[in-house]
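Here's a quick walk through a two-chain model. Have the sequence and the 3D view open as you read.

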Amino acid sequence: MTDNTSPSASASASPWRVFKDHCLKGQLAYQVTQAGQVVFYPRVCAPQTGDDLHWRVSKGLGTVYSCTEVMGKDREPYNVSLIDVDEGFRMMSRVDGLAAKDVSIGLRVQLKMDMTHPEDPLPVFVPLQAGHPGPTGATHD
Amino acid sequence: MIDPHGLSTSPFERASVAVVGAAESDLGHCAPGTSPVDLMAQASLRALSDAGLGLKDVDAVFCATSQIRFATTALCEYLGVHPRTHDGTQMGGSSFMTHMAQACAALERGQCEVALIAYGSTQRSVSRAAASPREFNPYETPYQPVLPISAYAMAAARHMHEFGTTRTHLASVAVAARQWALMNPVAWEKEPLTLEQALASRMVSSPLTLRDCCLVTDGGGALILTRADRARHLQKAPVYVLGFAQELSHLSISNMPDLTTTGAKITGLAAMKMAGVTPGSFDLAMLYDAFTISTILFLEDLGFCQKGEGGPFVASGAIAPGGSLAVNTNGGGLSYCHPGMYGLLLLIEAVRQIRGECGVRQVPGCELAVAHGNGGVLSTQATVVLGAVHD
(Lines give C-alpha, C1' and ligand atoms only; values in the text may rest on other atoms or scores of the structure.)
Protein backbone atom coordinates (compact mmCIF):
# COMPACT_ATOMS: atom_id res chain seq x y z
CA MET A 1 0.00 0.00 0.00
CA THR A 2 1.18 3.45 -0.79
CA ASP A 3 0.48 6.25 1.63
CA ASN A 4 -0.26 9.15 -0.70
CA THR A 5 -0.41 11.63 2.14
CA SER A 6 3.19 11.07 3.18
CA PRO A 7 5.66 13.61 1.87
CA SER A 8 8.01 10.72 1.13
CA ALA A 9 5.53 9.07 -1.21
CA SER A 10 6.08 9.60 -4.93
CA ALA A 11 3.61 12.06 -6.45
CA SER A 12 1.46 10.62 -9.21
CA ALA A 13 1.13 14.06 -10.82
CA SER A 14 3.28 17.13 -10.41
CA PRO A 15 1.75 20.26 -8.88
CA TRP A 16 2.12 21.94 -12.28
CA ARG A 17 0.28 19.08 -14.07
CA VAL A 18 -2.66 19.23 -11.65
CA PHE A 19 -2.82 23.00 -12.12
CA LYS A 20 -2.80 22.61 -15.90
CA ASP A 21 -5.46 19.89 -15.79
CA HIS A 22 -7.70 22.37 -13.98
CA CYS A 23 -6.91 24.97 -16.63
CA LEU A 24 -8.05 22.50 -19.30
CA LYS A 25 -11.42 22.47 -17.48
CA GLY A 26 -11.47 26.28 -17.44
CA GLN A 27 -10.58 26.42 -13.75
CA LEU A 28 -7.99 28.42 -11.82
CA ALA A 29 -6.74 26.09 -9.08
CA TYR A 30 -4.84 26.94 -5.94
CA GLN A 31 -3.89 25.08 -2.79
CA VAL A 32 -4.80 25.29 0.88
CA THR A 33 -3.64 23.60 4.06
CA GLN A 34 -5.91 22.02 6.65
CA ALA A 35 -5.41 25.17 8.71
CA GLY A 36 -6.62 27.34 5.86
CA GLN A 37 -3.29 28.74 4.65
CA VAL A 38 -3.64 29.68 0.97
CA VAL A 39 -0.75 28.73 -1.32
CA PHE A 40 0.14 29.80 -4.85
CA TYR A 41 2.14 28.86 -6.99
CA PRO A 42 1.38 25.13 -6.69
CA ARG A 43 3.86 23.15 -4.57
CA VAL A 44 4.40 19.74 -2.99
CA CYS A 45 4.14 21.20 0.52
CA ALA A 46 3.11 24.41 2.25
CA PRO A 47 5.76 27.07 2.80
CA GLN A 48 6.68 27.81 6.43
CA THR A 49 4.79 24.85 7.85
CA GLY A 50 5.56 22.05 5.40
CA ASP A 51 1.93 20.98 5.77
CA ASP A 52 0.04 18.88 3.24
CA LEU A 53 -1.80 20.77 0.55
CA HIS A 54 -5.26 20.28 -0.91
CA TRP A 55 -6.56 21.72 -4.16
CA ARG A 56 -9.33 24.28 -4.45
CA VAL A 57 -10.82 26.05 -7.45
CA SER A 58 -10.98 29.83 -7.37
CA LYS A 59 -14.12 31.81 -8.12
CA GLY A 60 -11.84 33.62 -10.55
CA LEU A 61 -12.36 37.12 -9.22
CA GLY A 62 -9.56 39.49 -8.35
CA THR A 63 -8.05 42.96 -8.32
CA VAL A 64 -5.08 44.34 -10.24
CA TYR A 65 -2.29 44.86 -7.66
CA SER A 66 0.16 46.27 -10.19
CA CYS A 67 0.58 46.31 -13.94
CA THR A 68 2.83 47.37 -16.79
CA GLU A 69 2.38 48.04 -20.48
CA VAL A 70 5.19 46.23 -22.26
CA MET A 71 6.40 47.70 -25.53
CA GLY A 72 7.15 44.45 -27.34
CA LYS A 73 9.29 44.28 -30.43
CA ASP A 74 7.33 43.75 -33.67
CA ARG A 75 4.00 43.49 -31.84
CA GLU A 76 1.40 45.66 -30.19
CA PRO A 77 2.00 46.81 -26.60
CA TYR A 78 0.66 44.25 -24.15
CA ASN A 79 -0.23 44.10 -20.49
CA VAL A 80 1.45 42.16 -17.69
CA SER A 81 -0.25 42.34 -14.30
CA LEU A 82 -0.05 41.00 -10.81
CA ILE A 83 -3.55 39.97 -9.73
CA ASP A 84 -4.64 39.68 -6.11
CA VAL A 85 -7.17 36.87 -6.37
CA ASP A 86 -10.04 37.09 -3.90
CA GLU A 87 -9.26 33.79 -2.17
CA GLY A 88 -6.01 35.34 -0.92
CA PHE A 89 -3.19 34.70 -3.34
CA ARG A 90 -1.31 36.77 -5.92
CA MET A 91 -0.38 35.64 -9.40
CA MET A 92 1.15 37.06 -12.53
CA SER A 93 -1.30 37.25 -15.42
CA ARG A 94 -2.59 39.48 -18.19
CA VAL A 95 -5.72 41.60 -18.44
CA ASP A 96 -7.44 41.30 -21.81
CA GLY A 97 -10.48 43.11 -23.09
CA LEU A 98 -9.06 46.62 -22.99
CA ALA A 99 -5.97 48.41 -24.30
CA ALA A 100 -2.82 47.65 -22.32
CA LYS A 101 -2.42 51.33 -21.47
CA ASP A 102 -5.88 51.37 -19.89
CA VAL A 103 -5.28 48.59 -17.37
CA SER A 104 -4.94 50.21 -13.96
CA ILE A 105 -4.19 49.28 -10.37
CA GLY A 106 -7.36 48.52 -8.44
CA LEU A 107 -9.30 47.30 -11.48
CA ARG A 108 -11.67 44.45 -10.62
CA VAL A 109 -11.18 41.51 -12.96
CA GLN A 110 -12.53 38.03 -13.63
CA LEU A 111 -10.93 34.91 -14.99
CA LYS A 112 -10.99 34.06 -18.69
CA MET A 113 -9.15 30.97 -19.84
CA ASP A 114 -7.06 31.79 -22.91
CA MET A 115 -7.40 28.73 -25.17
CA THR A 116 -5.15 30.05 -27.97
CA HIS A 117 -3.10 26.91 -27.43
CA PRO A 118 -5.83 24.35 -26.58
CA GLU A 119 -3.34 21.87 -25.12
CA ASP A 120 -1.79 24.58 -22.95
CA PRO A 121 -4.52 26.94 -21.72
CA LEU A 122 -3.44 30.10 -19.91
CA PRO A 123 -5.43 31.80 -17.15
CA VAL A 124 -5.85 35.49 -17.96
CA PHE A 125 -8.34 38.06 -16.74
CA VAL A 126 -10.83 40.52 -18.20
CA PRO A 127 -12.56 43.48 -16.52
CA LEU A 128 -15.34 42.29 -14.23
CA GLN A 129 -18.79 42.43 -15.83
CA ALA A 130 -21.47 43.77 -13.52
CA GLY A 131 -23.60 40.97 -12.09
CA HIS A 132 -21.34 38.23 -13.40
CA PRO A 133 -21.48 35.16 -11.18
CA GLY A 134 -17.93 34.11 -12.05
CA PRO A 135 -16.88 30.92 -13.76
CA THR A 136 -18.62 27.70 -12.88
CA GLY A 137 -16.94 24.94 -10.94
CA ALA A 138 -15.66 27.04 -8.06
CA THR A 139 -15.28 25.21 -4.80
CA HIS A 140 -15.06 27.04 -1.55
CA ASP A 141 -15.31 24.91 1.50
CA MET B 1 34.63 59.36 12.16
CA ILE B 2 34.17 56.01 13.83
CA ASP B 3 35.35 55.30 17.33
CA PRO B 4 37.54 52.20 16.96
CA HIS B 5 37.06 51.36 20.61
CA GLY B 6 33.28 51.47 20.48
CA LEU B 7 31.32 48.49 21.68
CA SER B 8 30.80 45.86 19.05
CA THR B 9 27.16 44.96 18.65
CA SER B 10 27.73 41.58 17.00
CA PRO B 11 30.07 38.61 17.06
CA PHE B 12 31.88 40.27 14.19
CA GLU B 13 34.53 42.47 15.73
CA ARG B 14 33.93 45.86 14.20
CA ALA B 15 36.76 47.20 12.04
CA SER B 16 38.76 43.97 12.26
CA VAL B 17 38.87 43.53 8.48
CA ALA B 18 39.72 46.09 5.83
CA VAL B 19 39.63 46.51 2.08
CA VAL B 20 43.23 47.08 1.00
CA GLY B 21 42.91 46.81 -2.78
CA ALA B 22 40.18 47.82 -5.23
CA ALA B 23 40.08 47.99 -9.00
CA GLU B 24 37.84 47.83 -12.02
CA SER B 25 38.61 45.71 -15.07
CA ASP B 26 38.24 47.26 -18.50
CA LEU B 27 34.69 48.60 -18.72
CA GLY B 28 32.15 49.41 -21.39
CA HIS B 29 32.79 47.49 -24.60
CA CYS B 30 35.83 45.28 -24.23
CA ALA B 31 38.23 44.03 -26.88
CA PRO B 32 36.69 41.38 -29.17
CA GLY B 33 36.91 37.87 -27.74
CA THR B 34 37.49 39.02 -24.17
CA SER B 35 36.02 36.49 -21.72
CA PRO B 36 34.44 37.15 -18.31
CA VAL B 37 37.37 35.42 -16.64
CA ASP B 38 39.82 37.63 -18.58
CA LEU B 39 38.12 40.61 -16.93
CA MET B 40 38.12 38.97 -13.48
CA ALA B 41 41.84 38.23 -13.79
CA GLN B 42 42.62 41.71 -15.06
CA ALA B 43 40.74 43.33 -12.18
CA SER B 44 42.31 40.92 -9.67
CA LEU B 45 45.84 41.85 -10.74
CA ARG B 46 45.00 45.55 -10.66
CA ALA B 47 43.47 45.25 -7.18
CA LEU B 48 46.50 43.32 -5.92
CA SER B 49 48.77 45.96 -7.38
CA ASP B 50 46.67 48.62 -5.65
CA ALA B 51 47.24 46.74 -2.37
CA GLY B 52 50.94 46.16 -2.97
CA LEU B 53 50.35 42.41 -2.88
CA GLY B 54 50.80 39.62 -5.39
CA LEU B 55 48.98 36.51 -6.55
CA LYS B 56 51.08 34.37 -4.19
CA ASP B 57 49.50 36.21 -1.26
CA VAL B 58 45.91 35.27 -2.17
CA ASP B 59 44.56 32.35 -0.15
CA ALA B 60 40.80 32.96 -0.37
CA VAL B 61 38.75 33.53 -3.53
CA PHE B 62 35.10 34.52 -3.93
CA CYS B 63 33.51 35.00 -7.37
CA ALA B 64 30.15 34.95 -9.11
CA THR B 65 29.03 35.66 -12.65
CA SER B 66 26.04 34.65 -14.73
CA GLN B 67 28.26 33.54 -17.61
CA ILE B 68 30.38 30.89 -15.87
CA ARG B 69 28.75 28.20 -13.75
CA PHE B 70 31.89 27.65 -11.66
CA ALA B 71 33.18 31.20 -11.57
CA THR B 72 35.54 30.78 -8.61
CA THR B 73 36.98 27.58 -10.01
CA ALA B 74 37.50 29.25 -13.38
CA LEU B 75 39.36 32.20 -11.90
CA CYS B 76 41.52 30.02 -9.67
CA GLU B 77 42.50 27.84 -12.63
CA TYR B 78 43.21 30.90 -14.78
CA LEU B 79 45.37 32.59 -12.14
CA GLY B 80 46.95 29.39 -10.82
CA VAL B 81 45.71 30.15 -7.33
CA HIS B 82 45.00 27.30 -4.89
CA PRO B 83 43.02 29.00 -2.12
CA ARG B 84 42.58 27.64 1.39
CA THR B 85 39.08 29.08 1.38
CA HIS B 86 36.73 29.66 -1.53
CA ASP B 87 33.07 30.23 -2.29
CA GLY B 88 30.91 31.03 -5.29
CA THR B 89 27.64 32.14 -3.77
CA GLN B 90 25.34 33.45 -6.49
CA MET B 91 22.72 35.90 -5.21
CA GLY B 92 22.63 38.09 -8.32
CA GLY B 93 23.96 41.63 -8.14
CA SER B 94 24.25 41.61 -4.36
CA SER B 95 26.55 38.54 -4.36
CA PHE B 96 29.67 40.56 -3.66
CA MET B 97 28.34 42.10 -0.47
CA THR B 98 27.62 38.54 0.63
CA HIS B 99 31.12 37.51 -0.45
CA MET B 100 32.49 40.33 1.66
CA ALA B 101 30.63 39.05 4.72
CA GLN B 102 31.98 35.55 4.03
CA ALA B 103 35.50 36.87 3.56
CA CYS B 104 35.28 38.77 6.85
CA ALA B 105 34.17 35.63 8.65
CA ALA B 106 36.96 33.55 7.10
CA LEU B 107 39.58 36.19 7.95
CA GLU B 108 38.21 36.47 11.48
CA ARG B 109 38.45 32.73 11.98
CA GLY B 110 41.99 32.64 10.64
CA GLN B 111 40.94 30.50 7.68
CA CYS B 112 42.73 32.85 5.30
CA GLU B 113 45.04 35.87 5.25
CA VAL B 114 44.24 37.63 1.97
CA ALA B 115 40.81 37.37 0.32
CA LEU B 116 40.07 38.19 -3.31
CA ILE B 117 36.54 38.98 -4.49
CA ALA B 118 36.14 39.24 -8.26
CA TYR B 119 33.54 39.72 -10.99
CA GLY B 120 33.54 39.93 -14.77
CA SER B 121 30.91 40.10 -17.50
CA THR B 122 30.95 40.57 -21.25
CA GLN B 123 27.20 41.06 -21.56
CA ARG B 124 27.49 43.98 -23.97
CA SER B 125 29.78 42.01 -26.28
CA VAL B 126 27.81 38.76 -26.26
CA SER B 127 24.29 40.23 -25.65
CA ARG B 128 22.31 40.19 -22.45
CA ALA B 129 20.27 37.22 -23.63
CA ALA B 130 23.44 35.17 -24.02
CA ALA B 131 25.09 36.44 -20.84
CA SER B 132 22.12 35.98 -18.54
CA PRO B 133 19.54 33.54 -19.97
CA ARG B 134 16.35 33.49 -17.95
CA GLU B 135 14.90 30.37 -16.41
CA PHE B 136 11.45 29.23 -17.50
CA ASN B 137 8.85 29.87 -14.80
CA PRO B 138 5.53 28.22 -15.80
CA TYR B 139 3.59 30.74 -13.69
CA GLU B 140 5.25 33.84 -15.17
CA THR B 141 7.06 33.20 -18.44
CA PRO B 142 3.87 32.57 -20.52
CA TYR B 143 2.76 36.16 -19.79
CA GLN B 144 5.99 37.42 -21.39
CA PRO B 145 7.18 39.98 -18.84
CA VAL B 146 10.43 41.53 -20.05
CA LEU B 147 12.51 40.59 -17.05
CA PRO B 148 13.86 42.10 -15.01
CA ILE B 149 12.45 45.38 -16.38
CA SER B 150 8.73 44.56 -16.10
CA ALA B 151 9.17 43.51 -12.46
CA TYR B 152 10.75 46.83 -11.53
CA ALA B 153 8.13 48.59 -13.67
CA MET B 154 5.37 47.06 -11.56
CA ALA B 155 7.19 48.12 -8.38
CA ALA B 156 7.36 51.65 -9.81
CA ALA B 157 3.69 51.59 -10.82
CA ARG B 158 2.71 50.49 -7.34
CA HIS B 159 4.91 53.17 -5.74
CA MET B 160 3.25 55.79 -7.94
CA HIS B 161 -0.19 54.47 -6.99
CA GLU B 162 0.45 54.43 -3.25
CA PHE B 163 2.58 57.53 -2.79
CA GLY B 164 1.98 59.78 -5.78
CA THR B 165 5.48 59.26 -7.15
CA THR B 166 5.73 60.58 -10.72
CA ARG B 167 7.67 59.82 -13.87
CA THR B 168 9.44 63.15 -13.32
CA HIS B 169 10.64 61.89 -9.94
CA LEU B 170 12.00 58.77 -11.62
CA ALA B 171 13.66 60.85 -14.34
CA SER B 172 15.35 62.99 -11.66
CA VAL B 173 17.28 59.92 -10.57
CA ALA B 174 18.56 59.38 -14.11
CA VAL B 175 19.55 63.03 -14.45
CA ALA B 176 21.46 63.03 -11.13
CA ALA B 177 23.29 59.85 -12.11
CA ARG B 178 24.28 61.42 -15.41
CA GLN B 179 25.60 64.54 -13.70
CA TRP B 180 27.86 62.39 -11.52
CA ALA B 181 28.92 60.27 -14.52
CA LEU B 182 30.16 63.34 -16.38
CA MET B 183 32.76 63.69 -13.60
CA ASN B 184 33.93 60.08 -13.96
CA PRO B 185 36.42 59.59 -16.80
CA VAL B 186 35.59 55.89 -17.20
CA ALA B 187 31.80 56.32 -17.24
CA TRP B 188 30.05 54.96 -20.33
CA GLU B 189 27.83 58.00 -20.83
CA LYS B 190 29.65 61.17 -21.92
CA GLU B 191 26.83 63.57 -22.78
CA PRO B 192 24.56 65.57 -20.46
CA LEU B 193 20.98 64.39 -19.91
CA THR B 194 18.12 66.79 -19.23
CA LEU B 195 14.91 65.99 -17.40
CA GLU B 196 13.02 66.60 -20.64
CA GLN B 197 15.23 64.16 -22.55
CA ALA B 198 14.82 61.51 -19.88
CA LEU B 199 11.04 61.93 -19.88
CA ALA B 200 10.89 61.78 -23.68
CA SER B 201 12.97 58.64 -24.02
CA ARG B 202 11.42 55.47 -25.38
CA MET B 203 8.98 53.63 -23.11
CA VAL B 204 10.13 50.07 -22.46
CA SER B 205 7.75 48.69 -19.82
CA SER B 206 5.55 51.41 -18.36
CA PRO B 207 6.25 53.50 -16.38
CA LEU B 208 9.94 52.82 -17.07
CA THR B 209 11.60 54.33 -20.12
CA LEU B 210 15.01 53.56 -21.57
CA ARG B 211 16.52 56.22 -19.29
CA ASP B 212 14.97 54.60 -16.24
CA CYS B 213 16.92 51.43 -17.04
CA CYS B 214 20.58 50.71 -16.40
CA LEU B 215 23.21 50.37 -19.07
CA VAL B 216 24.17 47.04 -20.60
CA THR B 217 27.96 47.06 -20.56
CA ASP B 218 30.92 44.76 -20.20
CA GLY B 219 32.92 45.16 -17.03
CA GLY B 220 34.18 43.73 -13.80
CA GLY B 221 36.13 44.44 -10.69
CA ALA B 222 38.01 43.05 -7.74
CA LEU B 223 38.58 43.74 -4.08
CA ILE B 224 41.34 42.57 -1.74
CA LEU B 225 40.59 42.17 1.98
CA THR B 226 42.83 41.37 4.91
CA ARG B 227 42.75 41.68 8.69
CA ALA B 228 43.19 45.14 10.15
CA ASP B 229 46.56 44.40 11.76
CA ARG B 230 48.09 43.59 8.38
CA ALA B 231 46.09 46.23 6.52
CA ARG B 232 47.73 49.01 8.48
CA HIS B 233 51.12 48.06 7.03
CA LEU B 234 50.08 48.02 3.38
CA GLN B 235 50.47 50.86 0.90
CA LYS B 236 46.96 52.32 0.87
CA ALA B 237 44.95 53.59 3.82
CA PRO B 238 42.72 50.72 4.96
CA VAL B 239 38.99 51.01 4.41
CA TYR B 240 37.35 49.08 7.22
CA VAL B 241 34.36 46.81 6.97
CA LEU B 242 32.17 48.08 9.80
CA GLY B 243 28.90 46.31 9.23
CA PHE B 244 27.01 44.07 6.87
CA ALA B 245 23.70 42.28 6.56
CA GLN B 246 21.83 40.33 3.94
CA GLU B 247 18.24 39.38 3.31
CA LEU B 248 16.25 37.44 0.74
CA SER B 249 12.51 37.81 0.43
CA HIS B 250 11.43 36.11 -2.82
CA LEU B 251 12.68 34.91 -6.18
CA SER B 252 9.93 35.94 -8.61
CA ILE B 253 8.16 39.28 -8.52
CA SER B 254 4.79 37.51 -8.09
CA ASN B 255 6.03 36.42 -4.67
CA MET B 256 7.34 39.77 -3.41
CA PRO B 257 5.12 40.52 -0.40
CA ASP B 258 4.95 44.31 -0.90
CA LEU B 259 6.33 45.84 -4.09
CA THR B 260 7.10 49.15 -2.40
CA THR B 261 9.18 47.84 0.51
CA THR B 262 12.38 45.85 0.00
CA GLY B 263 14.61 43.76 2.20
CA ALA B 264 16.88 46.81 2.41
CA LYS B 265 14.70 47.92 5.31
CA ILE B 266 16.02 44.95 7.27
CA THR B 267 19.60 44.92 6.01
CA GLY B 268 20.11 48.65 6.41
CA LEU B 269 19.03 48.58 10.02
CA ALA B 270 21.11 45.51 10.81
CA ALA B 271 24.28 46.67 9.04
CA MET B 272 24.08 50.14 10.60
CA LYS B 273 23.47 48.63 14.03
CA MET B 274 26.55 46.45 13.61
CA ALA B 275 28.57 49.51 12.59
CA GLY B 276 27.09 51.66 15.34
CA VAL B 277 25.93 54.35 12.93
CA THR B 278 22.67 55.86 11.70
CA PRO B 279 21.57 57.03 8.23
CA GLY B 280 22.50 60.60 9.18
CA SER B 281 26.13 59.52 9.71
CA PHE B 282 26.90 58.75 6.07
CA ASP B 283 28.99 60.85 3.70
CA LEU B 284 28.14 58.63 0.74
CA ALA B 285 25.43 56.18 -0.28
CA MET B 286 26.17 53.78 -3.13
CA LEU B 287 22.79 52.29 -4.05
CA TYR B 288 22.24 49.58 -6.63
CA ASP B 289 20.50 51.57 -9.39
CA ALA B 290 19.56 48.99 -11.99
CA PHE B 291 16.44 51.12 -12.40
CA THR B 292 15.51 54.61 -11.25
CA ILE B 293 12.84 53.22 -8.92
CA SER B 294 15.55 51.20 -7.16
CA THR B 295 17.35 54.32 -5.97
CA ILE B 296 14.09 55.70 -4.59
CA LEU B 297 13.20 52.43 -2.84
CA PHE B 298 16.64 52.09 -1.25
CA LEU B 299 16.79 55.73 -0.13
CA GLU B 300 13.52 55.07 1.70
CA ASP B 301 14.26 51.59 3.00
CA LEU B 302 17.76 52.48 4.24
CA GLY B 303 16.30 55.43 6.13
CA PHE B 304 17.59 58.42 4.14
CA CYS B 305 13.99 59.62 3.78
CA GLN B 306 10.55 58.44 4.85
CA LYS B 307 8.69 55.73 2.96
CA GLY B 308 6.83 57.37 0.09
CA GLU B 309 8.95 60.52 0.15
CA GLY B 310 11.70 59.21 -2.12
CA GLY B 311 10.22 60.86 -5.19
CA PRO B 312 10.12 64.44 -3.85
CA PHE B 313 13.51 63.81 -2.17
CA VAL B 314 15.29 63.02 -5.44
CA ALA B 315 13.38 65.72 -7.34
CA SER B 316 14.69 68.31 -4.86
CA GLY B 317 18.21 67.74 -6.17
CA ALA B 318 19.26 66.01 -2.95
CA ILE B 319 21.22 63.23 -4.68
CA ALA B 320 22.70 65.25 -7.55
CA PRO B 321 26.18 66.83 -7.28
CA GLY B 322 25.92 69.63 -4.70
CA GLY B 323 22.92 68.00 -3.03
CA SER B 324 22.48 67.08 0.61
CA LEU B 325 23.47 63.41 0.18
CA ALA B 326 26.15 62.11 -2.21
CA VAL B 327 24.57 59.13 -4.00
CA ASN B 328 26.13 56.97 -6.71
CA THR B 329 29.05 59.31 -7.35
CA ASN B 330 30.51 57.05 -10.06
CA GLY B 331 27.43 57.72 -12.20
CA GLY B 332 25.74 54.50 -11.17
CA GLY B 333 24.44 51.60 -13.15
CA LEU B 334 22.35 54.15 -15.00
CA SER B 335 25.24 56.14 -16.52
CA TYR B 336 28.64 54.71 -15.51
CA CYS B 337 28.65 50.94 -16.00
CA HIS B 338 26.29 48.03 -15.49
CA PRO B 339 27.81 44.67 -16.35
CA GLY B 340 24.83 42.54 -15.26
CA MET B 341 25.79 42.05 -11.61
CA TYR B 342 26.87 45.49 -10.50
CA GLY B 343 27.35 45.18 -6.73
CA LEU B 344 31.13 44.95 -6.72
CA LEU B 345 31.45 48.29 -8.51
CA LEU B 346 29.43 49.98 -5.74
CA LEU B 347 31.97 48.74 -3.19
CA ILE B 348 34.91 49.90 -5.32
CA GLU B 349 33.56 53.45 -5.57
CA ALA B 350 32.89 53.53 -1.82
CA VAL B 351 36.49 52.45 -1.13
CA ARG B 352 37.88 55.10 -3.47
CA GLN B 353 35.74 57.85 -2.01
CA ILE B 354 36.84 56.99 1.54
CA ARG B 355 40.46 57.01 0.35
CA GLY B 356 39.93 60.39 -1.30
CA GLU B 357 40.89 59.17 -4.79
CA CYS B 358 37.91 60.42 -6.77
CA GLY B 359 39.21 63.64 -8.33
CA VAL B 360 36.57 66.16 -9.36
CA ARG B 361 33.74 64.00 -8.04
CA GLN B 362 35.39 63.48 -4.64
CA VAL B 363 33.01 63.93 -1.71
CA PRO B 364 34.90 66.24 0.69
CA GLY B 365 35.90 64.49 3.91
CA CYS B 366 34.26 61.20 2.95
CA GLU B 367 34.82 58.84 5.87
CA LEU B 368 31.71 56.69 6.04
CA ALA B 369 29.87 55.03 3.17
CA VAL B 370 27.08 52.55 2.70
CA ALA B 371 27.09 50.23 -0.31
CA HIS B 372 23.77 48.55 -0.92
CA GLY B 373 23.48 45.63 -3.31
CA ASN B 374 20.40 44.17 -4.95
CA GLY B 375 19.89 40.90 -6.77
CA GLY B 376 17.19 39.47 -9.02
CA VAL B 377 13.89 41.37 -9.02
CA LEU B 378 14.39 43.15 -5.67
CA SER B 379 14.89 39.58 -4.43
CA THR B 380 18.16 39.67 -2.49
CA GLN B 381 19.39 42.69 -0.59
CA ALA B 382 22.76 43.16 1.07
CA THR B 383 24.16 46.21 2.83
CA VAL B 384 27.81 46.90 3.68
CA VAL B 385 29.05 49.81 5.81
CA LEU B 386 32.62 50.90 5.04
CA GLY B 387 34.61 53.55 6.82
CA ALA B 388 37.90 55.13 7.73
CA VAL B 389 38.97 54.53 11.33
CA HIS B 390 41.37 56.92 13.00
CA ASP B 391 43.46 55.74 15.93
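Two strands count as paired when DSSP finds at least two bridges between them. Keep in mind that this is a predicted model.

## The sheet in chain A

With that in hand, start with chain A. Its open sheet has three strands, ordered β2-β1-β3, and the pairing is antiparallel. β2 (38-39) and β3 (54-57) of chain A sit at the edges with a single partner strand each, so one side of each has no neighbour in the sheet.

Take a look at where β1 (residues 29-32) of chain A meets β3(A): the two run antiparallel and are joined by four bridges. In that region, A:Gln31 sits opposite A:Trp55 of β3(A). Helix α1 (residues 15-24) of chain A packs on this sheet, where it touches β1 and β3 of chain A. The direction of α1(A) makes about 25 degrees with that of β3(A).

## The sheet in chain B

Over in chain B, ten strands make an open sheet with mixed pairing, in the order β3-β2-β4-β7-β1-β8-β12-β11-β9-β10. Its edge strands are β3 (85-87) and β10 (326-327) of chain B, each pairing on one side only.

## Where the chains meet

So what does the contact between the chains look like? It takes 25 residues from chain B and 28 residues from chain A. The buried area comes to about 2200 Å², with carbon and sulfur atoms giving 60% of it. On the chain B side, B:Tyr139, B:Tyr143 and B:Met154 supply 38% of the area that chain B buries against chain A, more than any other three residues.

No salt bridges turn up across this interface: the count is zero. Polar contacts do, with twelve residue pairs between chain B and chain A. On the side of chain B that touches chain A, α6 (149-163) and β5 (203-205) of chain B each supply at least two residues, and α6(B) gives the most, with six residues. That side splits into 15 nonpolar, seven polar and three charged residues.

Key. Residues are numbered from 1 along each chain as its sequence is written. Chains are lettered from A and ligands numbered from 1 in the order in which they are written. This is a predicted model: local features need pLDDT of at least 70, side-chain atom pairs count only at pLDDT 80 or more; totals for chains, interfaces and linings use all residues. Side-chain values use heavy atoms; hydrogens and water are left out. Contact means heavy atoms within 4.5 Å. Buried area is the accessible area (1.4 Å probe) that two parts lose on being put together, summed over both. A salt bridge is a side-chain nitrogen of Lys or Arg within 4 Å of a carboxyl oxygen of Asp or Glu. A polar contact is a pair of N or O atoms within 3.5 Å; within protein, one must be able to donate a hydrogen and the other to accept it, and residues adjacent in sequence count only if both atoms are side-chain atoms. Ala, Val, Leu, Ile, Met, Phe, Trp, Tyr, Cys and Pro count as nonpolar, Asp, Glu, Lys and Arg as charged, and the others, Gly among them, as polar. Axes are lines fitted to C-alpha atoms, for helices over the stretch in contact, and angles run from 0 to 180 degrees between N-to-C directions.
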